[in-house]
Amino acid sequence: MVQTQSIINQNSSTEILPGGTNPDVFELAEAWYPVHYLEDLDKTKPTPFTLLGKDIVIWWDQKLQSWQVFIDQCPHRLAPLSEGRINEDGLLECPYHGWSFAGDGTCQKIPQQVPDAKAETSPRACVSSLPATEKQGLLFVYAGNPENAANTKIPLVEPIETAPEGWVIINTFRDVPYDALTLLENILDPSHVAFTHHRTVGNRANAAPLELEIDQSGKYGFEGIWKQGLKPGQSGKLSTTFIAPGLMWHDINADKGRILTVVYAVPIRKGECRLIARFPFKFASKLPGFFIKIRPRWYYHIGQNGVLEDDQIFLHYQERYLAAKGGSANFNKAFYLATKADTFVSELRKWVNQYHGETFPGESLPPLLLNKELLLERYHSHTEKCASCRQALKRVQQLKFLVAVLTIVALASSPLLAFFVETKSISLVIIETVIPLLLGAGWWNLSKLEREFYQGRIIPPRNLPEKKR
């Protein structure tokens, strides 16, 4: 298992492995975390995010031509800088009193001070910054001691990094209402796909015994192998890799191609995380890759949001039930892990307990959200943060307005035609009837598509009545 071996065990004189120096404790802050796809960041305005409970602001420094990440507090009166703007001088400007900051965090302007005063030169006028870097199309932020950042290994998808040619990758993300560890536990369990995702990406008919085994494990993660696939006749090398604290991927490597399911679980706060998902494909034939590339990104996101919503509600409940039974420390009594299909779930919980990997130790989960509409909302958890979906929604709304106008015009033209045309032909009557109906159907379908950018479906496909054969 070469890729994981390099991550789990390799250490050079200059490279620092994540998690701190204590061999028995994984310090979650001492690691790099992806916070955004680069293509979704707007260089014209600041972007807020919360990482490990710490509010940060991401902004593009025109002078340094790089992304900067600050603690989202102005040193003056602690106003969030993410509510400000990037001003005409290319500085991050506080919305409260206009204090302006350069990419290194230093204050460049205090509008309220008298001429020749130099309050901006004080260290107290500086904003705290966090190290940031771009890798594999993502912006990574270091949450711990900045002195360790440059030499700490970044959690990258090794199969892509070692052989980047030929991959076709579908990317998505979403802020979900459950912990990063709950997300990892769910994704590390391939056996749930047949039932939870029945009629989306799974099929109950494919449910079968699944023997999973751990190949190696330690402070920096683990790797396991599958003895069989999720579908009948699925062959090739199948493995799962977990890179502590928040990266995992399933790897299906067969003769016809290679497929990865990659997930980063980025902790926002207790009970909330950002899911960053990647689906790299490498096929023997170029045809599948061609069809993947020609579909717009937002189209995939609508479908992938639906898949995420298959288990979004019960995971929100499940982690609270586990917490009430003693949490991860008591998982063996809280869970009845009766088969080898639960091997990776068990190994993750063992890692959490052995290396103190609890994301927010001592904190309680927020109150249970009983409103399913809140749990399934898409706009704030994805659409407004996604460049592709924002633009698609705008175009759908514009087209919907245009169709509505044309429908009104078509309906209004009927009396006018009756007034000016004495005898109507059958074809004219058909046109007068069909065109408004077609436009109305178009408006209805656009409205249906528009809703998919805002809200998920209340009833998951698995619970819909089966079609009679």
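The model is predicted, and local features need pLDDT of at least 70, side-chain atom pairs count only at pLDDT 80 or more, and totals for chains, interfaces and linings use all residues. Residues are numbered from 1 along each chain as its sequence is written, and side-chain values use heavy atoms, with hydrogens and water left out.

**View 1. Ser381 in a loop between two helices.** Ser381 lies between helix H10 (372-375) and helix H11 (387-420), where helices (H or I, at least four residues) and strands (E, at least two) are DSSP runs numbered from the N terminus. Ser381 is buried, with a relative accessible area of 5%, because buried means under 20% relative accessible area with a 1.4 Å probe, protein chains only. Leaving aside residues up to four places away in sequence, Ser381 touches Arg174 and Asp175, contact being heavy atoms within 4.5 Å. A polar atom of the Ser381 side chain lies 3.5 Å from the backbone oxygen of Arg378.

**View 2. An open sheet of four strands.** The strands follow the order E5-E6-E7-E8 with antiparallel pairing. Strand E5 (85-86) and strand E8 (107-109) stand at the edges, each with a single partner strand, so one side of each has no neighbour in the sheet.

**View 3. Strand E5 beside strand E6.** E5 and strand E6 (residues 92-93) pair in the antiparallel sense over two bridges, and two strands count as paired if DSSP finds at least two bridges between them. In this pairing, Arg85 stands opposite Glu93 in E6.

Key. Buried < 20%, exposed > 50% of the residue type's maximum accessible area, 1.4 Å probe, protein only. Polar contact = N/O pair within 3.5 Å; in protein donor to acceptor, adjacent residues only side chain to side chain.
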